[in-house]
Amino acid sequence: MFRLTYFELSKIWQKRSFVLAVSVLFFVHLFVLWYVSLPDEGAPSLAAYKKIQSQLAGRSEAEKADFITKQKEKIDGVLFVRDILAMQGFHNTMGNTLAEQEMQNNPGKFETYYSLYQSGEYLMFTDTLEQESMLINEIYEEWKKVSGYGDYLAFIQSNKDRLAGISIFSGSESNSFGSRNLEKSAADYENLSEEGISFIPSAGITSAMEWIWTDIFLFLSVMLFVASLIMEEKEKKIFFVTRSTKRGIIYSILAKLAALFIQCSFLAVLFYLANFVFFGQSAGWPDFGARLQSVAVYTESSLPISILAYVLLSLITKAVVLFGIGALLMVFCLLSKIAVLPFLAGTGIAGISMLLYLLIPADTVFAICKYLNPAGLLKTENIYGAYLNFNLFGYPVSRLSLSLLCMLVLCVVGISGCLFLFSRRQGFEVRKIQLPALLPFQPHTGVFRHELYKSLITNRVLILFVLFAELLAYKSFGRTYTPSVAEQYYQDIMMELEGECTKEKEELILSEKKRYDDARQKLEELSEESGGKGMPSEAADAIRQKLNMTLSFYPAFRRVEEQYERIKNGGGEFVYDTGYLYLFGVWEDVLPENFLLLMIGIILLAGGTVTMEYQTGMLLLLCASRAGKWKVFAHKFIICVMAASLITLVPVLCRAYCISGTYPMHSFSAAVTNLSHYSEFAVPIPVGVFTLIFVLLQILSAVLAVCVTMAISMWRKNQAQTIFFSLLVLAIPMVFKLLGFEAAKWFSLYPIYHFLV
């Protein structure tokens with residue numbers, strides 16, 4: 001039996017096609033893991049969670065409480081100052097009145113945190129106030145939930161005591177589902193206490209264990225394994241031979257089932273180990289020895305286990321559920337005579353269970369259908385990290401018990417079905433069906449049209465093009481731009497000034513400058529009078545607050561003043577430059593991520609256009625044709641260049657659209673030297689021409705990537721090897737650059753893509 005199991009595993013893993021497919025799934029999983037976890041300006045990055053976790057490490061629970069509450073008070077104070085300045089920034093009576101009311105309701109708060117707001121030293125973990133506020137509030141809420149765990153346990157027991165008091169007067173009350181549920185909950189939590197609870201931020205552990213894409217990739221790997229294990233042998237009619245041997249019936253199918261379980265267990269550990277390594281390095285490693293309830297999202301768990309035990313239980317559960325699904329797929333494979341039908345059925349089962357989990361509300365009578373299906377069983381955070389009792393005929397039954405029972409039934413049904421069908425079935429024929437082509441092949445008189453069809457349809461370049469275009473567009477459209485109060489002030493004044501400097505515009509600038517100079521002078525005079533006791537302190541504080549609020553906008557006005565000084569000294573015109581600085585990547589360094597995704601897309605697009613001729617043997621016919629090999633390859637190159645150029649334009653156009661909606665971009669005919677970052681640019685070309693050159697350089701880097709990929713494909717003459725070596729040359733240096741090795745970018749095409757920045 002053990003030798004048969006080893007044989008079943010080895011014959012699958014010795015297939016290069018299977019190893020390549022699983023490797024592709026694993027690396028796509030890593031890529032999606034990295035891509036989805038890219039930092040977003042609207043939310044804290046994973047590195048921010050790692051920083052705050054390092055601050056909490058080694059502290060006692062009292063020290064953690066003190067640190068978190070102080071951070072919460074500080075960020076609330078800074079937000080208060082920002083809101084007061086925003087009200088004052090309206091420059092009207094209502095704004096001033098609201099600001100004064102808020103300061104009266106919170107006396108001394110503005111003065112306490114104003115200097116901290118101005119210095120920016122409140123940013124300990126993130127880059128913006130919004131991110132810092134979101135992070136601190138999230139950690140604070142998690143800490144409150146964990147620190148109140150003792151109260152949570154006492155509340156559950158008090159509900160039982162209250163019910164006991166009520167039942168003395170009402171016997172029917174104790175026979176309802178609600179009363180039985182309270183009694184069962186109290187009994188389940190009875191042996192739990194606060195001992196061993198140590199607050200841990202949840203980002204690392206929850207991201208690693210609750211990422212739905214990992215389960216999707218594991219499901220796909222199970223389908224691949226079952227296809228190799230059953231359908232390929234049916235197609236080759238091997239079962240007619242193996243069934244006639246001494247142990248060819250029961251032992252053979254048992255060995256296949258054992259091999260399936262080992263495969264599911266191995267891949268579950270592999271994929272989730274990758275998750276833990278990625279999120280552990282990015283968001284911080286949890287304390288695996290701490291109680292599971294130390295993580296806020298798992299405080300409702302009634303299991304007295306550690307985080308490590310939770311992880312192990314989750315991996316075992318996922319392996320068992322995947323095995324059950326795989327066993328059912330094997331049943332479909334044994335029943336079906338059509339090769340594709342079992343996998344359509346498997347996809348249907350997965351899709352239906354996912355819809356049930358997503359669409360059924362958790363607080364309805366149908367919640368049992370939500371959680372007791374393959375998708376719900378794979379969400380082990382609900383089974384072991386939460387608590388729920390189902391109402392079965394008036395009696396509470398825990399979700400944990402029913403989930404384990406459901407997994408057992410799933411596995412028993414799958415194993416029994418495989419044993420019965422494999423031992424009784426006589427025929428194992430497979431009949432393939434030919435689906436009609438959406439775009440049937442049409443003979444082409446032109447070489448270009450013929451190669452275009454082969455590349456886009458036969459080689460599936462069109463699907464890859466749409467996929468990567470959507471990824472790049474999603475990343476660009478997913479970015480939101482929210483101007484600060486100071487930026488809004490700068491935008492308002494620059495929209496009035498845009499264009500050539502006139503006398504009216506000069507008067508506007510000088511009047512604003514005089515307003516700030518007067519505020520600064522009055523502030524100095526006020527300090528002298530306060531020192532000489534010439535003015536009551538309360539009146540002085542009130543005036544000082546107004547002057548400080550006025551001067552808080554001076555850094556934004558300084559940008560206006562710098563443009564005015566440059567125009568007076570060397571000529572030029574006013575240009576609102578914020579949008580251009582975002583578009584060119586000066587203020588938002590998203591170009592490395594876009595470039596890496598672009599390189600991967602181009603490699604996959606161009607990697608098979610030449611190798612398909614070598615691998616199918618068509619090159620011999622091309623060499624004998626009238627056009628010849630090189631003319632055909634030239635057409636392939638043109639097609640790849642067109643696709644690469646179009647996909648390069650996607651992030652530029654999407655980002656330009658998103659940015660211009662918040663930061664208008666005008667003055668295309670103005671010289672690029674009018675932009676603050678490019679004031680020393682060698683040639684004063686128009687901004688529109690500069691933007692065009694910026695885009696053309698990005699397209700040039702894409703064209704060079706096509707050249708490199710096609711050159712490698714002509715060298716290796718194999719698609720898999722072409723993709724491997726192209727990734728090694730074009731993409732891996734950028735991965736090292738994103739990991740912090742800046743020198744690695746000089747070994748890629750990124751300097752051309754990034755040249756004008």
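Angles under 35 degrees count as roughly parallel, those over 145 as roughly antiparallel, those from 65 to 115 as roughly perpendicular, and the rest as oblique. The model described here is predicted, so that local features need pLDDT of at least 70 and side-chain atom pairs count only at pLDDT 80 or more, while totals for chains, interfaces and linings use all residues. Residues are numbered from 1 along each chain as its sequence is written, and side-chain values use heavy atoms, with hydrogens and water left out.

The secondary structure of the chain comprises 33 helices and four strands, where helices (H or I, at least four residues) and strands (E, at least two) are DSSP runs numbered from the N terminus. Of the 757 residues in the chain, 47% are buried, buried meaning under 20% relative accessible area, exposed over 50% and partly exposed in between (1.4 Å probe, protein chains only).

Helix H3 (residues 46-56) and helix H13 (residues 250-283) have axes that come within 6 Å and cross at roughly 65°, the axes being lines fitted to C-alpha atoms, for helices over the stretch in contact, with angles that run from 0 to 180 degrees between N-to-C directions. H3 and H13 are therefore roughly perpendicular to each other. In contact terms (heavy atoms within 4.5 Å), Leu46, Ala47, Tyr49, Lys50 and Gln53 of H3 meet Phe278, Phe279, Gln281, Ser282 and Ala283 of H13. By class, this contact of H3 with H13 holds six nonpolar, three polar and one charged residues, with Ala, Val, Leu, Ile, Met, Phe, Trp, Tyr, Cys and Pro counted as nonpolar, Asp, Glu, Lys and Arg as charged, and the others, Gly among them, as polar.

The loop between H13 and helix H14 (307-335) contains Val295, which counts as buried because its relative accessibility is 0%. Although Val295 and Trp143 are 152 residues apart in sequence, their C-alpha atoms are 8.8 Å apart in space; Trp143 is itself among the buried residues of H7. With neighbours within four places in sequence left aside, Val295 is in contact with Val146, Ile200, Ser202, Ile205 and Ile307.

Ser301 is found in the loop between H13 and H14 as well, and is buried, with a relative accessible area of 1%. Its side chain reaches the backbone nitrogen of Leu303 at 3.2 Å, and a polar atom of the Ser301 side chain lies 2.7 Å from the backbone oxygen of Tyr384. Residues up to four places away in sequence not being counted, Ser301 touches Tyr149, Tyr189, Leu192, Leu292, Gln293, Tyr384, Gly385 and Ala386.

Definitions and conventions
A polar contact is a pair of N or O atoms within 3.5 Å; within protein, one must be able to donate a hydrogen and the other to accept it, and residues adjacent in sequence count only if both atoms are side-chain atoms.
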